Amino acid sequence: MSPLPSSAEVDDRRAELLARLHDELGEAVEGTHELAGKDLWVRVRTDAWREAAEVAEGRLGMTYFCYLAGLDWMPSPFGKGEDDPTQPPPERSTEIVQGYAGGSTRFQVLARVHDVQRMVGLTLKTDVPDDTMAVPSWVPVYAGANWHEREAWEMFGISFVGHPDLRNLYLPTDFEGHPLRKDFPLLARIVKPWPGIVDVEPMPADLDGEGGDE
Amino acid sequence: MSVIDRRELSALAARAADARVNVELETEGMTLNIGPQHPATHGTLRIIVRLDGEQVVWAEPVCGYMHRGYEKLVEVRSYPQVNTLINRIDWLGSFANEVPFILACEQLMEIEAPPRAQYIRTILFELSRISNVSLGLGDAALQLGAQTAAFYAFRDREYVLNLVEAATGGRFHPNFDRIGGLKDDLPKGWIDETKVAMRKVRDYCDEIETLVFGNEIFEARTRGIGVIPREVALQYGLSGANLRGSGVDWDLRRDQKLPMAWDKCDWKVWTHPDGDSFSRLWVRLKETYEATLIVDQLCESLPSGPVMAKVPRIIKVPEGEAWISTENPLGEMGYYVVSKGDTGPFRVKIRSASFNNISVVPWVLRGVYVPDVITILASLYFILGDIDR
């Protein structure tokens, strides 16, 4: 067993990984984000998503498949579901701001792969085109991506081209909508107002008009 | 004749007998439902298997009977409230669920818990490992018809649960971890109690080793059954004892730098090269034993000081993304936390261990016999809440 590498060593390994990804994928690497001592994010072009997995698995030794998930960058139109139902809904920002490694679409797919020998991991991201909502599937490369892609499909409506059996994993087959999308309302918070707002009684000090927070 | 020869011979004989029966009777395929309420499923996992005679030709787990939508629910909650929810993912080792999430938030806020809190976190983490894995071992023996081991497991797990209750106030769902440290310090006399309990757990491990692992029936039912090779295990993202049972020497407690106390003590990561049901269970047993050693050493060297760092009263996590995973009782559990600088997370992806561990079931069950389905599931060891989240 090799001893635990120091943070600087792991950072060097990440830099090396990044350089090799640039070599192998060329211009398909669209954005990167590196946090020293923490993690590395790489965003690849949608059509190179499968190729990125092949490079990571075959040539970079990232044989351990950790997870794959969807991301919806639109701010929720319902906020935290704590609106006062008697008031008109407040104005909310609808600006879509992507996170680390940038992007240009509302939905993204992210996945994490890991090298168990060199103890270094990598988070890969790709944009999901708004019109087709489809990205290449990872199942031919990492068999474990099967269930993760089925989950992303039912929860976000992202379809994976080349997946052998893309159907719902958790939800009933006739379920309508994609629950983890931000514009899918959390009904429990809509039909009954969140008690945190409604139940607050004024403190005696507030009634007396002596101070209080607001 | 060596054990292996004998096993190979008996397997050959069984296959020959099957072939004969199949030709004579022309057995048709049969579909069998295992679960959702089968005792071997630790909850409500349903597995549909299609059989040819006694052999499984196709298997498919049906998840979702316990899906609670945590990834949606956390989006309308504040960070301290999320802690309460994620306690319920793996309900046998609840405290271990909280740690990676809290660590991810701390990484984003760029604070670190004081050393004493890190030590106590590690101790409670390992206690939850013992309470989880020891029950898993007893349960695996129960699936094979050995009831005694299950009673031993429940008896000795009680000591650990009492400790967790004494320290946190909750037996199953401690909700004890806070961003920046812990809710409270340990009660008086807890360390001595813990040492006594750890001795009892070590005795339990020895008992199980002689009672179950040395048993001929147990060996016959688990050796060479449900073999998962190293490459397949990695591809499917198996983790924890399932991965180490396939010969991969990888443990997140040792192989990454975290503000926890595992590097402050001396312990060993066990692996087994075979990749069968036996090796997975054996690694679990060794892991439980090592966990007691970790707890003992950390209790000895527990530093003094506060258990809470300075954090604002209303917690707002700065904008950013963080991924932290730890070696939980069931395997690698991690949280991908996306924050927009609000009081609650923007999105949390929960990577739970059992989800990946069970996704290999269609692969590993192909071609095995029906009674082996139960032992393989017991050796993969999953918690339903950890699959469905």
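Predicted model: local features only at pLDDT ≥ 70, side-chain atom pairs only at ≥ 80, totals over all residues.
1. Let's start with the overall layout of chain A. This chain has six helices and seven strands. If you walk along its sequence, the elements come in the pattern α-β-β-α-β-β-β-β-α-β-α-α-α. Of its 214 residues, 36% are buried. Also, take the contacts in chain A with a separation of 6 or more: 61% of them are between residues 24 or more positions apart.

2. Next, find the sheet in chain A. Five strands make up an open sheet, with mixed pairing, and their order is 1-2-5-4-3. Which strands stand at the edges? They are strand 1 and strand 3 (64-72) of chain A; each has a single partner strand, so one side of each has no neighbour in the sheet. From one strand to the next, the twist averages 20°. As background, strands of a sheet pair through backbone hydrogen bonds, and the pairing can be parallel or antiparallel.

3. Strand 1 (residues 29-35) and strand 2 (residues 39-44) of chain A run antiparallel and are joined by six bridges. To see one of the pairings, look at A:Glu34, whose bridge partner in strand 2 of chain A is A:Leu40. The two strands form a hairpin with three residues between them, and here A:Gly37 has a positive phi near 75°.

4. Strand 3 of chain A pairs with strand 4 (residues 107-115) of chain A in the antiparallel sense, over eight bridges. Within this stretch, A:Leu71 sits opposite A:Gln108 of strand 4 of chain A. Two helices pack on the sheet. Helix 1 (residues 7-25) of chain A touches strand 1, strand 2 and strand 5 (120-128) of chain A, and its direction makes about 10° with that of strand 2 of chain A. Helix 3 (residues 145-156) of chain A touches strand 3 and strand 4 of chain A, with its direction at about 5° to that of strand 3 of chain A.

5. Over to chain B, and a pair of helices. Helix 6 (residues 147-168) and helix 7 (residues 190-213) of chain B pack with their axes 10 Å apart, at an angle of about 165°. Why call helix 6 of chain B and helix 7 of chain B roughly antiparallel? The label applies to angles over 145 degrees, and the angle for this pair is about 165°, so the two helices of chain B are roughly antiparallel to each other. Their crossing is left-handed. The contact includes B:Tyr152, B:Tyr159 and B:Leu163 from helix 6 of chain B, and B:Trp190, B:Tyr204 and B:Leu211 from helix 7 of chain B. By class, the residues of this contact are 14 nonpolar, two polar and four charged.

6. One residue of chain B makes a handy exercise. B:Leu12 lies in helix 1 (residues 3-25) of chain B. Is B:Leu12 buried or exposed? It has 10 other C-beta atoms within 10 Å, and 12 or fewer counts as exposed, so B:Leu12 is exposed. From B:Leu12 to B:Val62 is 50 residues in sequence and 33 Å in space, C-alpha to C-alpha.

7. Finally, see how the chains meet. The contact takes 33 residues from chain A and 32 residues from chain B. On the chain B side, the elements that give two or more residues include helix 2 (70-73), helix 9 (230-235), strand 7 (331-339) and helix 12 (353-359) of chain B. That side has 10 nonpolar, 10 polar and 12 charged residues.

Conventions:
Residues numbered from 1 in each chain as written. Chains lettered and ligands numbered in written order. Axes fitted to C-alpha atoms, helices over the stretch in contact; angles between N-to-C directions. Helix = DSSP H or I, 4+ residues; strand = E, 2+ residues; numbered from the N terminus. Parallel < 35°, antiparallel > 145°, perpendicular 65-115°, else oblique. Left-handed = near helix turned anticlockwise from the far one by under 90°. Contact = placed C-beta atoms within 7 Å. Nonpolar A, V, L, I, M, F, W, Y, C, P; charged D, E, K, R; others polar. Pairing = 2+ DSSP bridges. Buried ≥ 20, exposed ≤ 12 C-beta atoms within 10 Å, placed from the backbone.
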